[in-house]
Amino acid sequence: MPVVAIIGAQWGDEGKGKVVDMLAEKSSMVVRFAGGDNAGHTVINPMGLFKLHLIPSGIFYPNVTCVIGNGVVVNPRSLIAELDMLAGKGVDTRRLVISDRAHLIMPYHTLLDELEEKSRGKKAIGTTLRGIGPAFTDKTARMGIRVGDLLDKRSLKHRIKTVLENKNVILERIYGAPPLDCEEMYAEYAGYADKLKPFIKDSVELISSAMERQELVLLEGAQGAMLDPDFGTYPFATSSSPLSGNASLGSGVAPNRIDRVLGIYKAYCTRVGSGPLPTELNDEMGDRIREVAQEFGTTTGRPRRCGWFDGVAARFSAHVNGFTGAVITRVDVFDNFPSLKVCVAYRIGEKEISYFPSSISELEKCQPVYEELPGWQADTTGVRKWEDLPKEARNYVTRLSQLMGCPVNLASIGPERAQTIEVSPIF
Ligand code: GDP
Ligand code: IMO
Ligand code: MG
């Protein structure tokens, strides 16, 4: 059985959690490869409703090993809270593995995230304030502390002491904030080490042996392609790559061993935080989508900005990710809309363009060129077969597929596992 990467194709919150929970039934392993607890993946299944931030969405199956891969930054405090939450709801978490190569989010990371955001003033990115940017910065700057460091307390203490010497200068001199105490931090993290020790392993071997046994391995993405630091709306981006290329780097699965790349798209667009969203609807229609779809952030509870499906961004995303297929989620949100718009190009002044600009100032000038499609005005939430979907709904999904330039494998018509329609086979 192959390796399948599941990738957020827009600005995050496309429904990756739902798709992974559904596909994990046939898999033996789910590996999260990017981001940290900035992610919020909602899963609704017979065990209940769950909002996962770090633990892969395959945790509900007793036969699935869930790996927090080397490409993730781990806040041990939120991970332990998540483990407790799952245990409280009767979910067995013993099959969790945390890569010893993953980096730790430390108290100065969350503090610096907050101070940096404040100092940006009106230009704030609207981060989740989880310390993600500062933690990935330290990884690249070779100042990070890794999950594996928790296993050797003497070296952990030494590492905290060395890094704090630098961080305290920044906190005090740049931000006028009080310094952090090494002993206190060490005691806190030594406590986490005791709790997390049984889960910490070298995950590369584990994943490759599942692949050798021909088992299905899912690589679970976080965030979405348009938040990518290279190809997204930089600097309004996150700090690790949500793209399929990083599914390889963040898990240790070589690029040529990834058999399928599934792009998860919503039937429209949303974004939390600042930065361009070319099809954003600052009107009653935007409010209506937000209300019907209950578009509020899973991690921060912030209202999500809503807009029509952006075919230009969608095609760009399919291209840079190499999607072999797509999943369109939340089709049911449009069940009561008389007509729908999709953006097929951008207009800048008199000029029409079909590429996604790299510069923010150019993106801000882009006016969407819309095509209007008829709605279906029927309840799709109980439909299970493609041919039973109203003709207009099939036409809508087919049009999105043309715009993305890749086949649609699944359409989702509700948040539950069973509310999924096969449009074309994934394999
Ligand atoms: P993720 O971050 O990509 O996992 O997505 P989130 O969990 O942040 O947001 C997706 C939201 O859409 C969640 O509340 C899901 O329960 C919900 N959802 C997923 N698929 C569907 C669908 O097809 N229809 C509806 N109505 N809701 C869905
Ligand atoms: P999932 O996995 C939506 C956004 C933040 C902010 C920007 C940078 O649930 O799809 P960060 O805290 O990462 O430094 O914030 O990225 N963001 C997300 N938006 N879904 C997510 O994850 C996100 N993770 C980060 O809102 O605009
Ligand atoms: Mg989310």
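**Exercise 1.** Does Gly-40 count as buried or exposed, and at what relative accessibility?

*Solution.* Start with the cut-offs: buried means under 20% relative accessible area, exposed means over 50%, and partly exposed lies in between (1.4 Å probe, protein chains only). Gly-40 has 10% relative accessibility, so it counts as buried. Now try Asp-13: its value is 22%, so it counts as partly exposed.

A quick note before you go on: this is a predicted model, where local features need pLDDT of at least 70, side-chain atom pairs count only at pLDDT 80 or more, and totals for chains, interfaces and linings use all residues. Residues are numbered from 1 along each chain as its sequence is written, chains are lettered from A and ligands numbered from 1 in the order in which they are written, and side-chain values use heavy atoms, leaving out hydrogens and water.

**Exercise 2.** Find what coordinates the magnesium ion (ligand 3), and where those residues sit in the chain.

*Solution.* Look for donors, meaning N, O and S atoms within 2.8 Å of the metal (3.2 Å for Na, K and Ca); water is not among the atoms, so sites may look incomplete. You'll find Asp-13 (OD) and Gly-40 (O), at 2.1 to 2.2 Å.

**Exercise 3.** Describe the protein as a whole.

*Solution.* Then check burial: 57% of the 427 residues count as buried. Finally, the C-alpha atoms fill a box of roughly 65 × 50 × 40 Å along the principal axes.

Methods
Helix = DSSP H or I, 4+ residues; strand = E, 2+ residues; numbered from the N terminus.
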